[in-house]
Amino acid sequence: MSETRFTDQHEWVTLDGDNATVGITKYAAEALGDVVFVELPQKGRKVGAGAEAAVVESVKAASEVYSPVGGEVSEANAALEAAPATVNDDPEGSGWFFKLKGVSAGDFAKLMTKDAYAEFVKGL
Amino acid sequence: MRYLPLSSDDRSAMLKKIGAPGIDALFADVPQAAVVPLSVFNLPDTQGELEVDRALSKLAARNVAAGAGPFFCGAGAYKHHVPSAVDHLIQRSEFLTSYTPYQPEIAQGTLQYLFEFQTQVALLTGMEVANASLYDGSTATAEAVMMAQRLTRRGKAILSGGLHPHYAETVETVAGLQGVIARAPVTPGSAEDLIALIDDETACVVVQSPDVFGLIRNLRPIAEAAHAKGALLIAVVTEIVSLGLLESPGAQGADIVAAEGQSIGNGLNFGGPYVGLFATREKFLRQMPGRLTGETADIEGRRGYVLTLSTREQHIRREKATSNICTNSGLCTLAFTIHLSLLGEEGFTRLARLNHAKASALADRLCAIAGVELVTPTFFNEFTLKLPKPAAPLVDALANKGVIAGVPASRLLPHDKSAANLLIVAATETCTDDDIAAFAGALKEVL
Amino acid sequence: MDIEANRRRVTAPGYHPPEELPTISGDRGLDHEEKLIFEIGRDGVTGVDLPQTQIAATRLGGQKRKGAIGLPGLSEPEVIRHYVRLSRKNYAIDAGLYPLGSCTMKHNPRLNEKMARLPGFGDLHPLAPRSTTQGALELISELMGWLTTLTGMPAVAMSPKAGAHGELCGLLAIRAAIAARGENRPRILVPESAHGTNPATAAFAGFTVDEVPAKPNGRVDAEALKAKLGPDVAAIMLTNPNTCGLFEGEVIEIAKAVHEAGAYFYCDGANFNAIAGRVRPGDLGIDAMHINLHKTFSTPHGGGGPGAGPVVLSAALAPFAPLPLLVAEGDGFKLVEDRDELPAGAQPFGRMSAFHGQMGMFVRALSYMLSHGRDGVRQASEDAVLSANYILASLKDVMSAPFGDGPCMHEALFDDSFLDGTGVTTLDFAKAMIDEGYHPMTMYFPLVVHGAMLIEPTESESRESLDRFIHVLREMALEAKAGKTARFDGAPRLAPRRRLDETAAARKPVLRWKRPELPQAAE
Ligand SMILES: Cc1ncc(COP(=O)(O)O)c(C=O)c1O
C-alpha cells in the first residue's frame with residue numbers, strides 16, 4: 001500500500017515499500033504559474049532528506065525542489081524536459097519529478113499527512 | 001538651471017499640496033548630524049553650456065586623437081572607420097534615452113536589434129547562441145571562466161600566455177575565487193604547449209587568437225585535448241574584424257567565445273564603453289550569464305521579441321544567478337549591429353582583407369629597416385616587432401615626431417625583461433601609404 | 001489642465017470615427033511593421049564602399065575561413081530606414097515621463113553627448129603614449145574630485161563598468177581588507193528589500209548571503225541586523241535611500257554596530273540622486289558605495305547600457321582599490337598599471353577590466369556636474385524628492401501607500417491593496433498606463449511590498465507634466481475601484497505590440513534568426 005505525504009516546501013512524496021516518487025503540489029504549481037523548465041537529478045545520485053534535488057522555473061520565478069526523504073535517485077521524469085507544462089496540468093500525477101530507492105520510513109513519518117498539508121496551505 | 005523645469009512658484013505650490021512647510025521637512029528622516037550646507041562642497045556653481053563646452057574642449061585638446069596622425073596602437077582596442085550613419089542612428093532619442101526593454105510592448109525597437117545582434121554574434125563566432133552583451137572582452141572572459149567552472153564543477157583554469165595580460169589579471173581577480181588560475185608562459189611569436197598543462201582538474205583552457213602579440217593560434221588540437229579531459233575551450237577574440245578572414249572559433253571546437261566588439265561601430269573612448277561579446281553552445285545555455293532576447297508572438301499572433309530565460313539573472317535568481325550583471329553595453333551593441341548591417345558579408349570580408357593587406361605592407365616596410373625583426377610569423381592586422389633598443393622610450397620619441405607607433409610590450413608585461421624590445425603594432429583600414437612611410441621614416445631616425 | 005485641448009480640435013461635430021479596418025500593408029500609419037535585417041538583405045548589396053584588395057600571400061597560418069559567415073547585404077538607405085523604424089517602436093525619456101523607480105530616468109543633456117564625442121576623448125586609445133593622454137587623465141582626476149567631494153569619502157575606484165560591477169569592486173576590496181587582517185569572514189548581510197544585484201554580487205564574490213528582514217515602516221530592522229552581526233560577518237550591503245524610496249534613519253547607529261563587529265558597510269548608491277549635494281555618505285559611516293553615473297549623473301541608459309559604477313572608498317578600504325590607479329606626477333598624471341610602481345600603502349586587490357573604466361561616461365558625467373554646479377546638484381536632488389512627494393501626496397487617497405504618512409525620498413512606493421477585489425493586478429494597471437502614453441512604473445520591486453509600484457519622476461518633469469500624470473493615474477485608480485475594468489483587460493491595446501507570450505518564449509527559446517529553408521543548418 002502506498003501513502004502520500006507533504007512538506008512545508010510544497011513537495012509531495014509517495015512511498016511504496018522503500019521506493020518513493022516526488023513532485024510538487026498543486027498549490028506550488030499554481031503559485032509558480034506556467035512552468036517553463038525543470039532541471040532533474042541524475043540517476044544514481046544520493047540525496048539526503050531536505051537536500052536540493054531539482055529546480056523548477058516559470059517565467060518570473062525559479063525554485064529549488066527539495067527531496068522530502070533521503071535515498072538514491074532511481075529515475076527522473078525525462079518527459080518533463082520536453083513538456084514542462086505537465087507540471088501545471090497534472091502536478092500530483094504525471095508531473096512527478098523523480099523516484100528514489102532505499103528510502104527510510106523514518107524520514108517519511110515526519111512529513112505532513114494530506115489533511116495536515118491542506119490545513120497548512122489554508123493558513124498561508 | 002537649464003535642466004530643471006520647476007520654478008520657485010511651482011516649488012511653493014507643490015510644497016503646499018504636500019503640506020510641508022519647506023523642502024527641509026521632506027528630508028526629516030535624515031539624521032541632523034548628516035545634513036551639510038552647500039558651502040562644505042568645494043566645487044564650482046552652475047555654468048552655461050558655453051562655459052562647460054569651453055572647459056572640456058580645452059581638456060580634450062590636450063590629448064592626441066588617434067585620427068590626428070599616423071597611428072598604430074592596438075592590443076585590445078582598434079581604430080576603425082565607423083560610417084556616419086551609425087552615430088546618427090544611435091543618437092536617436094528612442095534608442096539613446098530608453099531603459100532596458102522590460103516592457104516589451106513599447107520596446108520592440110531595442111528587443112529586435114538585440115535579436116539581430118545575437119544572431120550576428122553567433123554567425124561571426126560560429127556558435128549556436130549569443131547573449132545581449134557583457135561589459136567588455138575582459139569581463140566576458142572572466143564570466144566565461146566562471147561559467148566553465150560551474151559547468152564542469154572544476155576550479156582550475158589554464159590561461160594561454162598569449163592572452164592579453166589585462167584580461168588574464170581580470171580573470172584572476174574575479175574567477176580566482178572559485179579555483180586556481182594557471183598562467184602558461186609567455187612566448188611571443190610562438191605557441192606554448194598548452195595541451196601538456198591540461199589535467200583532470202581543468203575546467204577550461206583560455207586561448208586568444210590572434211593572441212596579444214598578433215600571432216594566429218590553431219585552436220583545434222587544444223579543443224580536442226581539452227574535451228578528452230572533460231574540460232572546455234574558451235576562445236578569446238580581441239579584434240573581431242579578424243573573423244572576416246579567419247576560421248571561426250566555433251568551427252575550431254570552442255565551447256565558449258568571449259570577445260571584444262569595440263572594433264565594429266564603437267570608438268576608442270580611452271578604454272570604454274566597449275562591448276563584450278559572449279557566445280556558446282546551446283547545451284550550455286542555462287549557465288550563460290547576461291540578458292537574452294527571444295522571439296515570440298503577442299496575443300494577436302504578431303511576431304515580437306522579449307527578454308527571456310531571465311531565471312538565470314540576478315533580478316529573479318538573486319544569489320543563485322549565473323552572474324551579477326544588470327546594466328550591460330546596450331547602445332554599444334546597437335552601434336555594432338548597425339555597422340555590421342552596413343558592412344554585410346561582402347563589406348565585412350573586404351574590411352578584413354584590407355586590414356590584413358595594410359598590416360602586411362607595414363610589416364614588410366618596417367622589417368626592411370636594419371635591426372628590426374618580425375616576431376610573429378603569422379598575424380591578421382597586428383604583429384610584434386623586435387627592435388634593437390627598448391621599445392618604450394622609442395615610442396615616446398616617435399610620439400614627439402607625431403607618430404603613435406604602437407604599444408610597447410613592456411607596458412603590458414612590465415616584469416618580463418625579454419619583452420623590453422618588443423613593440424606591438426596594428427594597422428587597420430584607416431592606415432594610409434603616407435602613414436606607413438611616415439612610420440618607417442621616423443623609426444629609422446630614432447633607432 | 002489641457003488634456004482636452006488636442007481632442008477638441010479633431011472631434012468636430014458630425015465626425016464619426018471609422019470602424020477598425022485592417023490595413024492592406026499591415027502597417028498602421030506611423031507604426032510600420034519591420035522585418036529582420038536577415039530577411040531584408042541579400043547578396044550583392046553593401047552599405048559601405050571598400051576596395052577589393054589583392055593579397056599576394058596571406059600570413060594567416062592556414063587558418064583562413066572556408067565557408068561564408070551568412071551576413072545579409074543592405075545598402076545605407078535600407079539600413080537607415082530599418083533602424084529608424086525600429087526606433088519608433090520604443091518609449092524614451094525624451095518622448096515622455098518615464099517613472100521607472102530605482103532606474104532614475106532623468107533628462108540626458110545633449111551637450112554631454114557632444115563632449116563625449118570630442119576627438120580628444122572619443123578617439124583616444126587607452127594605451128596611447130602617456131604624453132598624449134594628459135587631458136583625459138586630468139578629466140578623470142577632476143571627476144574623482146567631484147565624486148569624493150560630493151560623497152565626503154577619501155578615495156574612489158574608477159574602473160567598474162556599472163553598478164553591479166561597482167558592488168563587486170567594493171566587496172573584493174572588503175575581502176582583501178579582511179584577508180590583510182588575517183581573518184576569514186564568509187557571510188554578508190543583505191536586507192530582503194535589496195536589489196537583485198546585491199545578493200548576486202555577494203555570491204559572485206564568494207560570500208554567503210544572509211537576509212535581514214524589513215520593519216513594517218519599510219526600513220531595515222536594525223535590531224535584527226545587529227543580532228546577526230558576528231565574527232563571521234564581512235559586511236552589510238544596505239541601500240540608502242533604500243529601494244522603498246525611504247531614508248534609513250538609523251544608518252549611523254547601524255554603521256557603528258557594523259564597525260564594532262569588525263565588519264564593513266557597503267552602501268548601494270543607486271539612489272544617491274535623492275541626497276547628492278545635501279548629505280555626504282561619508283558622514284554616515286559607510287566604507288564603500290558605488291555611484292551609477294547612468295542614474296545620478298545622467299549618462300543615458302541607451303536601452304540597457306552602457307553605464308559606469310565608480311566606487312568611493314573609506315580610508316580603511318582605499319589601500320585595496322584595484323589597478324589601474326591614477327596618480328599625480330610632476331605637473332601631470334600617470335596611470336599605475338603595475339604592482340612595482342605602487343604608491344606607498346597601496347595593496348590593490350586586482351583588476352576589474354582591461355582598461356581604465358568607462359571614459360565615455362566620465363566625460364558625460366563631468367559635463368553634467370559642471371553644468372549643474374554644486375548648487376544645481378543640490379537643487380536637482382531637492383526637486384526629485386519634491387516631485388516624488390507631490391505624487392505621493394496627490395495619489396495616496398486613491399492608491400495605497402504602504403508606509404504611512406511620512407515623506408518619501410525620490411520615489412513614491414504604492415502597493416496593490418487599493419486593487420483588492422477589483423480583479424485588476426499591478427501588471428494590468430501598469431500595462432494600461434502604456435495606452436495612456438506613459439511608460440509603466442517599476443513593478444513587483446521591491447519584493448517586501450505586495451504588488452509594488454515604485455514611481456520615480458526625477459527632477460526633470462515640469463509641474464504640468466506631473467499634474468497630467470497624476471490626473472491619469474487617479475482616474476485609472478478610481479475606475480478600477482468602481483469596477484470599470486475594461487481598460488485594464490489585456491492592456492495595452494495601443495502599443496506597437498500587445499502582451500507577448502513570455503511562456504512560449506521560455507519553453508522553446510528562439511534566440512537567433514536561422515535561414516528558413518535550412519532550419520537544421522549547422523553554422
Ligand atoms: C538599487 C539598485 N542597485 C543596483 C543596481 C545595479 O546597477 P547596474 O544596473 O548599473 O549594474 C540597480 C540598477 O538597476 C539598482 O536599482
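How many residues surround the ligand, and which are the closest? The shell holds 15 residues, the closest being Thr327(B), Ser102(C), Asp268(C), His294(C) and Lys295(C); a residue belongs to it if one of its heavy atoms lies within 4 Å of the ligand. This is a predicted model, in which local features need pLDDT of at least 70 and side-chain atom pairs count only at pLDDT 80 or more, while totals for chains, interfaces and linings use all residues. Residues are numbered from 1 along each chain as its sequence is written, chains are lettered from A and ligands numbered from 1 in the order in which they are written, and side-chain values use heavy atoms, with hydrogens and water left out.

The ligand lies between chains B and C. Helix α7 (residues 163-180) of chain C supplies the largest share of the shell, three residues; helices are DSSP runs of H or I with at least four residues, and strands are runs of E with at least two, numbered from the N terminus.

Polar contacts, pairs of N or O atoms within 3.5 Å, can be followed on both chains. An oxygen atom of the ligand is 2.6 Å from a side-chain N or O atom of Thr327(B). On chain C, the corresponding distance is 2.8 Å for Lys295(C), and a polar side-chain atom of Asn292(C) lies 3.1 Å from a ligand oxygen. Taken alone the ligand exposes 390 Å², of which the protein buries 99%, with areas from the Shrake-Rupley method and a 1.4 Å probe.

Key
Polar contact = N/O pair within 3.5 Å; in protein donor to acceptor, adjacent residues only side chain to side chain.
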